[in-house]
Amino acid sequence: MQTLPNPQTTTIQIEDDRTGLSVETLKRAFLDNLFYIQGKFPAIATKNDNYCALAWTVRDRLLRRWLSTHETYLKQPVKVVGYLSAEFLLGPHLGNNLINLGIYDQVKQAMQELGLNLDDLLNQEEEPGLGNGGLGRLAACYLDSLATLEIPAIGYGIRYEFGIFDQDIRDGWQVEITDKWLRYGNPWEIARPEEAVEVKFGGHTEAYTDENGRYRVRWVPHQTVKGVPYDTPILGYHVNTANTLRLWTCEAPESFDFDAFNSGDYFGAVGAKVVSENISKVLYPNDEPEQGKQLRLEQQFFFVSCSLQDVLRNHLKAGRRLEDLPNFFALQMNDTHPAIAVAELMRLLVDEHLMDWDQAWSITQNTLAYTNHTLLPEALEKWALPLFGSLLPRHLQIIYEINARFLNEVRQKYPNDAWRVTRMSIIDETGPRYVRMANLATVGSHAVNGVAELHSELLKQTVLRDFAEMYPERFTNVTNGVTPRRFMVLSNPRLTELITRKIGDSWIKNLDELRRLEQFVDDPGFRNEWWQIKRAIKADLAAYIKQQNGIEVSPDSLFDIQAKRIHEYKRQHLNVLYIVTLYNRIKANPHIDITPRTFIFGGKAAPGYYMAKLIIKLINSVADVVNRDPDVRDRIKVVFLKDYNVKFAQRVYPAADLSEQISLAGKEASGTGNMKFAMNGALTIGTLDGANVEIREAVGADNFFLFGMVTDEVYAMKMRGYHPWDFYHNTPELKNAIDRISSGYFSPTDPHLFRPMMDSLLGQDQYMLLADYRSYVECQDRVSNAYRDRDHWTRMSILNVARMGKFSSDRSIRDYCNNIWHVKPVPVEIDDYVQTHA
């Protein structure tokens with residue numbers, strides 16, 4: 001902005017319409033974009049036209065920062081973080097960008113003066129469903145923190161045409177609906193077709209000798225596709241740094257075969273286009289059939305190859321030597337989906353750039369690092385050798401060579417330990433042969449981290465124990481975190497305003513400053529204001545539940561919320577057993593004194609996961625009975641809110657009184673929903689699993705409802721032999737709950753509907769619900785008693801928020817920067833607008 005003196009009476013404020021932040025400039029820019037980009041004027045503009053016009057207006061203000069960031073990085077030798085992730089569950093862009101630009105209030109006023117409601121425009125945005133849950137949302141939080149901390153970074157992933165399905169509930173069952181998030185376009189991205197790269201699949205390899213007499217291998221592919229990048233700016237909070245999210249879409253090198261068309265083969269004319277575009281068509285295809293497995297492997301290799309080619313191209317274009325790659329790029333593999341990067345980076349260096357093996361291997365290991373997200377052996381990816389070899393023949397050869405050299409090291413360090421060699425081999429040869437991707441990622445990285453202190457320790461004791469013993473220096477922990485910008489400032493503005501009024505706004509970039517709230521915990525006025533804000537938010541959610549589900553719930557009841565991916569290990573059905581227990585108590589004594597409680601569930605089940613879908617059906621069936629029974633008298637209500645996504649989360653997290661984090665100890669790697677709930681003042685009921693352990697340490701044992709076995713007790717019970725029938729017969733309330741479900745009481749038209757689930761619990765109970773049931777019920781009863789003391793509950797809620805500083809994704813990124821990536825902030829400066837320079 002430039003201020004020009006007026007010789008008469010006043011000064012004139014001059015702003016560029018594309019970068020200015022005043023209300024008048026924003027209004028003018030909005031109307032220009034509506035007219036010149038959307039081709040509409042206000043009288044005929046749709047809600048989507050208005051949303052797009054506002055998105056263009058905000059994006060204009062991002063672009064100046066984005067391009068200045070690029071320019072800054074080009075002018076000096078910076079080290080860049082490349083975050084490789086198959087998922088980025090970003091959430092809507094508009095609101096977050098308004099917060100980070102610091103213009104939320106100005107835009108709200110500008111829209112109001114134009115006769116528009118900002119909330120309506122925010123709700124109009126299609127959410128990019130480019131992730132399934134915590135993994136993708138973590139990646140998005142990390143991009144926000146990287147930019148906020150001014151760390152040079154680029155996120156690499158896939159631009160899925162159809163994201164995670166939209167969820168509907170029909171007759172209590174989940175129904176999957178195609179997520180057409182791109183149907184109206186995406187105003188936040190910019191296509192870069194001139195930066196497309198080629199990716200190869202299939203075919204065979206040919207050995208040859210180069211001009212220096214060295215053995216070389218040439219890959220002759222059966223199919224070649226084109227990866228086209230789409231770039232989205234990711235702005236940090238109140239900084240000028242805007243990093244890039246680069247997502248790849250797959251296209252055929254030639255999208256139309258004119259000769260085939262002219263000969264009458266109309267399908268053949270576009271056949272290559274159809275086959276190629278399938279690769280980036282949908283997030284996580286059903287991989288039960290062989291074609292699904294192949295497509296998923298194609299997806300993983302596609303985005304990894306595109307990304308690594310892009311990294312090497314940018315590195316060489318800057319005039320740097322390949323030998324120096326680890327000094328300028330730190331590439332983080334987010335779980336095993338990008339683990340093929342180890343073999344692909346080796347192929348690019350050895351085959352394409354003719355580097356010798358040892359030098360290439362040193363570069364690969366020092367550039368790559370691996371984050372493990374699971375302790376479940378079945379979730380550690382592995383690929384059948386016939387499939388892998390047919391799709392990536394050269395990579396299989398490279399993996400064989402990596403494995404041979406690695407196993408020689410193992411034999412030297414552990415002579416006469418053949419079973420250890422078998423366990424550590426990248427190739428699983430204990431039955432049908434597989435490529436073990438976690439082993440490949442661990443061998444090919446200089447650092448391996450878990451995502452919570454407990455998880456990292458268990459990782460070293462269980463699934464990667466052999467590797468931790470051989471390479472102890474590689475293993476470290478980086479506890480997950482979440483961004484307070486989206487999950488407090490944007491989603492909970494009322495609580496944000498109260499906190500900021502008391503301690504200022506610096507906590508938004510330094511969450512440890514929330515500790516200063518503790519000085520107000522004994523202030524009755526502050527506690528009352530805190531309670532009233534929570535109740536108002538709950539009233540908003542109650543209105544939403546009434547609108548969506550037709551169920552009336554009281555905002556004065558305890559809002560008990562379990563919102564996460566539906567999976568047996570997350571034990572939503574343990575929660576249901578408690579609901580049925582409460583219901584049984586009411587049926588036995590209709591006048592029993594029960595703390596009013598609203599149980600709210602949300603989450604999606606994988607389309608092919610029958611037991612998870614049956615859990616959703618059970619929740620809804622129990623809700624149908626409980627919510628209608630006159631004996632209950634509204635003391636308990638059960639609600640399943642459909643279509644869990646980031647928008648859903650922003651609505652639900654602030655309204656929770658109680659957060660359900662009830663997985664069996666030793667099964668959850670970390671969890672991030674537990675952090676988001678606690679940051680918004682919910683108390684946690686949970687086991688000592690994942691990051692629950694650290695949350696309890698941070699907030700204090702008195703402010704956390706703990707139940708269940710610890711990890712050592714779980715392992716010990718399984719070693720002795722776990723007999724769920726014993727718990728069933730010796731725990732009357734448990735037996736009554738299971739019997740009521742098994743009897744068909746909640747499914748009268750199909751009495752045996754839930755028998756498979758109950759039989760599974762009584763027969764195997766893999767996640768030990770029955771062993772933890774009594775402890776869980778007793779803990780829930782303590783929750784009910786605690787909620788009756790409103791003042792004490794509010795005190796605990798305040799302390800939960802005040803002590804959540806550790807769980808900011810900013811702290812997580814600092815840990816990565818200091819301990820794994822060794823990168824430093826690079827501030828971006830922007831000159832003030834001067835009209836004569838425009």
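**Note on helix packing and buried positions**

1. Asn575 is a residue of helix α22, which spans residues 572-588. The model is a predicted one. The relative accessibility of Asn575 is 1%, so Asn575 counts as buried, the cut-off being under 20%. Beyond residues up to four places away in sequence, Asn575 touches Asp560, Gln562, Phe599, Phe601, Glu660, Ile662 and Tyr776.

2. Helix α22 also holds Asn584. Is Asn584 buried or exposed? With 13% relative accessibility, Asn584 counts as buried. Once neighbours within four places in sequence are set aside, the contacts of Asn584 are Asn736, Ala737 and Arg740.

3. Leu130 lies in a loop, the one between α5 (118-124) and α6 (134-148). Because its relative accessibility is 1%, Leu130 counts as buried. As for Val282, its C-alpha atom is separated from that of Leu130 by 9.0 Å, while the two residues are 152 residues apart along the chain.

4. At what angle do helices α1 and α2 pack? The angle between α1 (residues 23-36) and α2 (residues 47-75) is about 120 degrees, and their axes are 8 Å apart. That angle makes α1 oblique to α2, since 65 to 115 degrees would count as roughly perpendicular and over 145 as roughly antiparallel. The crossing of α1 past α2 is right-handed.

5. On the α1 side, the contact with α2 is made by Thr25, Leu26, Ala29, Phe30, Asn33 and Leu34. On the α2 side, the residues are Asp49, Asn50, Ala53, Leu54, Trp56, Thr57, Asp60 and Arg61. An α-helix has 3.6 residues a turn, so residues three or four places apart point the same way. Sorted by class, the contact of α1 with α2 comprises 7 nonpolar, 4 polar and 3 charged residues.

6. How many of the 12 residues of helix α11 are buried? In α11 (residues 341-352) the number is 11, and the helix is mostly covered. The buried residues of α11 include Glu344, Arg347 and Asp351. Also buried in α11 are Ala341, Val342, Ala343, Leu345, Met346, Leu348, Leu349 and Val350. Just after α11 comes Leu354, whose phi is positive, at about 55 degrees.

Technical notes: Residues are numbered from 1 along each chain as its sequence is written. This is a predicted model: local features need pLDDT of at least 70, side-chain atom pairs count only at pLDDT 80 or more; totals for chains, interfaces and linings use all residues. Side-chain values use heavy atoms; hydrogens and water are left out. Axes are lines fitted to C-alpha atoms, for helices over the stretch in contact, and angles run from 0 to 180 degrees between N-to-C directions. Helices (H or I, at least four residues) and strands (E, at least two) are DSSP runs, numbered from the N terminus. Angles under 35 degrees count as roughly parallel, over 145 as roughly antiparallel, 65 to 115 as roughly perpendicular and the rest as oblique. A crossing is left-handed if the near helix is turned anticlockwise from the far one by less than a right angle, and right-handed if clockwise. Contact means heavy atoms within 4.5 Å. Ala, Val, Leu, Ile, Met, Phe, Trp, Tyr, Cys and Pro count as nonpolar, Asp, Glu, Lys and Arg as charged, and the others, Gly among them, as polar. Buried means under 20% relative accessible area, exposed over 50%, partly exposed in between (1.4 Å probe, protein chains only).
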